[in-house]
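Have the sequence and the model open as you read.

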Amino acid sequence: MNIIHIITRSDTLAGAQVHVRDLSIAQLGLGHEVTVLVGQSGPFTDELQKHGISYYCLRHLVRNINPYIDFKAFLELLTIIRTLNPDLVATHSSKAGWLGRVAARLLGIPSIFTAHGWGFTEGVPDLSRKIYATAERIAAPFANRIITVSEYDRQLALRNKIASPKKIVTIHNGVYDTSSRLVSASPNTPLRMIKVARFDIPKNHALLFKALVGLPSRNWHLDLIGDGPLRRPMEELASELGINKHVTFL
C-alpha cells in the first residue's frame with residue numbers, strides 16, 4: 001500500500017511527530033511505501049532522514065493561520081498528493097488535518113485523521129473552543145475515519161458532535177516495553193520516577209500527585225523537570241497533600 005502521512009510542524013519532535021515517525025518505520029517494515037509531507041524542515045525531518053523515511057518539505061505549511069499562505073499550502077498538497085497517487089492519506093495535527101483531508105477528498109483518495117488532542121479541550125478559552133470545534137465539524141465529513149489516541153478524546157469529540165460514533169475510533173498510542181534490566185529489583189530501594197513536562201493544564205501534574213497519595217507505601221521519589229505557569233500551584237498542592245518530601249521540583 002502507498003501511504004502518505006501529513007503533519008504540520010517539523011521544528012519540534014513532540015508526541016505527534018514521534019507517532020508519525022514510529023508508525024512510518026513500522027509500515028515500512030510491513031512492506032508498505034511511506035512518504036511524509038511536513039511543513040518546512042527541522043529536527044523531525046532529521047529523524048525521518050535518519051530512519052530512511054521519504055519526505056517532502058512544504059514551504060507554506062505553517063502552524064499560524066493565514067488564509068493566503070494556507071491556500072498556497074493547500075495547492076502544494078494537491079500537487080504532491082496527485083503526483084504520488086497514494087492509496088491512503090493519513091493526516092495529523094489540526095492544520096495538516098484540515099487541509100490534507102480536503103485535498104484527499106478532491107482527489108478521490110481515502111483519508112483518515114488522527115487527533116493528537118483537540119483544540120477544544122478543557123482549559124482552552126471558550127471562544128477558541130467554539131472556533132476549533134466548528135472547524136473540526138466542517139472537516140469531519142472529508143475523512144473516512146477519525147482516530148483519537150484516548151477514549152477521553154473520543155468522548156470529548158462525541159459531546160461536541162464532531163462526527164458520528166461510527167466514524168470516530170480510539171486507537172491508543174503504543175509505548176515500547178521497558179527492559180527489565182532498567183527496573184530496580186530491590187524492594188528496599190525507593191522507586192524513582194521522573195516526569196519531563198511543562199507545568200500547564202494539559203500535563204495534569206495534579207492527577208499524578210493524587211494518584212501517588214493513594215499508594216499504600218511512600219517508598220518512592222518523584223523528580224519533576226520543567227517550568228510553566230502552574231509550577232507554583234503544583235508546589236503548593238504537593239505540600240497540601242503531604243508528599244512534598246517525596247517530590248523534587250527541578
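A residue counts as buried under 20% relative accessible area, exposed over 50%, and partly exposed in between, using a 1.4 Å probe and protein chains only. Helices (H or I, at least four residues) and strands (E, at least two) are DSSP runs, numbered from the N terminus.

## Ground rules

This is a predicted model, so local features need pLDDT of at least 70 and side-chain atom pairs count only at pLDDT 80 or more, while totals for chains, interfaces and linings use all residues. Residues are numbered from 1 along each chain as its sequence is written, and side-chain values use heavy atoms, with hydrogens and water left out.

## Strand S1

Start with S1, residues 2–7: six of its six residues are buried. In a regular strand the side chains alternate between the two faces of the sheet. Here both faces are covered, with Asn 2, Ile 4 and Ile 6 on one side and Ile 3, His 5 and Ile 7 on the other.

Strands pair if DSSP finds at least two bridges between them. S1 runs parallel to S2 (residues 33–39), joined by six bridges, and Ile 6 has Leu 37 as its bridge partner there. Getting from S1 to S2 takes the chain through helix H1 (residues 15–29), in a right-handed β-α-β crossover (strands pointing away from the viewer, the path from the first strand over the helix to the second runs clockwise). S1 also pairs in the parallel sense with S4 (residues 88–92), over five bridges; in S4, His 92 partners Ile 7.

## Helix H1

Which residues of H1 are buried? They are Ala 16, Gln 17, Val 20, Arg 21, Ser 24 and Gln 27. They sit on the same side of H1 because they cover an arc of only 135 degrees around the axis, taken from the directions from the helix axis to the C-beta atoms. On the other side of H1, Gly 15 and Gly 29 are exposed.

Cover for the buried residues of H1 includes S1, S2, helix H2 (43–50) and S4, where contact means heavy atoms within 4.5 Å. After H1 comes Gly 31, with a positive phi near 95 degrees.

## The core

A nonpolar core is a set of buried Ala, Val, Leu, Ile, Met, Phe, Trp, Tyr and Cys residues joined through side-chain atoms within 4.5 Å. The largest one has 18 residues, and Ile 6, Leu 37, Leu 61, Leu 77 and Ile 81 have the most contacts inside it. S1, helix H3 (67–84) and helix H4 (94–106) each give two or more residues, with H3 supplying the largest share, six residues.
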